[in-house]
Amino acid sequence: GSLIAMPLVGWLVDKIGSRRVVIVAGILYPCVLPFIGLANSFWALAAVLVMYGMCGNLLNISMNTQALGLQ
């Protein structure tokens, strides 16, 4: 999920700004967590873990970009 999100995050930060991406990712990241426990099959768990990795990378890259802009 992290590798899939890398090009997407760069494009999103460039288009809408890192502040907005941080806000959205900060909301999405913890919202995905309960679905890990609710997954009832291997494929559902794999899909949720990919989404969790994507959200984590989305938050990490956008947060670092925001910090770099502040620095």
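Helix axes are lines fitted to C-alpha atoms over the stretch in contact, and the angle between two of them runs from 0 to 180 degrees between N-to-C directions. In this predicted model, the axes of helix 1 and helix 2 come within 7 Å and cross at roughly 125°. Helix 1 is therefore oblique to helix 2. By residue class, four nonpolar, one polar and one charged residues make up the contact of helix 1 with helix 2. On the helix 1 side the residues are Leu12, Val13 and Ile16, and they meet Ser18, Arg20 and Val21 in helix 2.

**Overall architecture**

The chain contains three helices and zero strands, and its pattern along the sequence reads α-α-α. Its C-alpha atoms fill a box of roughly 45 × 20 × 15 Å along the principal axes. Of the 71 residues, 23% count as buried. Among contacts in the chain with a separation of 6 or more, 73% come from residues 24 or more positions apart.

| Helix | Length | Span | Expected span |
|---|---|---|---|
| Helix 2 (18–38) | 21 residues | 31 Å | 30 Å |
| Helix 3 (42–70) | 29 residues | 42 Å | 42 Å |

For helix 2, the span is close to the expected value, and the span of helix 3 is likewise close to its expected value.

The buried residues of helix 2 are Ser18, Val21, Ala25 and Val32. These residues pack against helix 1, which covers residues 2–16, and against helix 3. In helix 3, the buried set consists of Val48, Gly53, Met54, Cys55, Gly56, Asn57, Leu58, Leu59 and Ser62. The packing partners of this buried set are helix 1 and helix 2.

In soluble globular proteins, nonpolar side chains tend to be buried together. In the present model, the largest nonpolar core has eight residues, namely Ala5, Val9, Val13, Val21, Ala25, Met54, Leu58 and Leu59. Helix 1, helix 2 and helix 3 each supply at least two residues of this core.

Leaving aside neighbours within four places in sequence, alanine 5 is in contact with Met54 and Asn57.

**Two partly exposed alanines**

Alanine 39 lies in the loop between helix 2 and helix 3. Its relative accessibility is 25%, so alanine 39 counts as partly exposed. Apart from neighbours within four places in sequence, alanine 39 is in contact with Ala44 and Leu45.

Alanine 67, by contrast, lies in helix 3. With a relative accessibility of 41%, alanine 67 counts as partly exposed. Alanine 67 and tyrosine 52 are 15 residues apart in sequence, and their C-alpha atoms are 22 Å apart in space.

Terms used
Residues numbered from 1 in each chain as written. Predicted model: local features only at pLDDT ≥ 70, side-chain atom pairs only at ≥ 80, totals over all residues. Heavy atoms only, no water. Helix = DSSP H or I, 4+ residues; strand = E, 2+ residues; numbered from the N terminus. Expected span 1.5 Å × (residues − 1). Buried < 20%, exposed > 50% of the residue type's maximum accessible area, 1.4 Å probe, protein only. Contact = heavy atoms within 4.5 Å. Parallel < 35°, antiparallel > 145°, perpendicular 65-115°, else oblique. Nonpolar A, V, L, I, M, F, W, Y, C, P; charged D, E, K, R; others polar. Core = buried A, V, L, I, M, F, W, Y, C linked by side-chain atoms within 4.5 Å.
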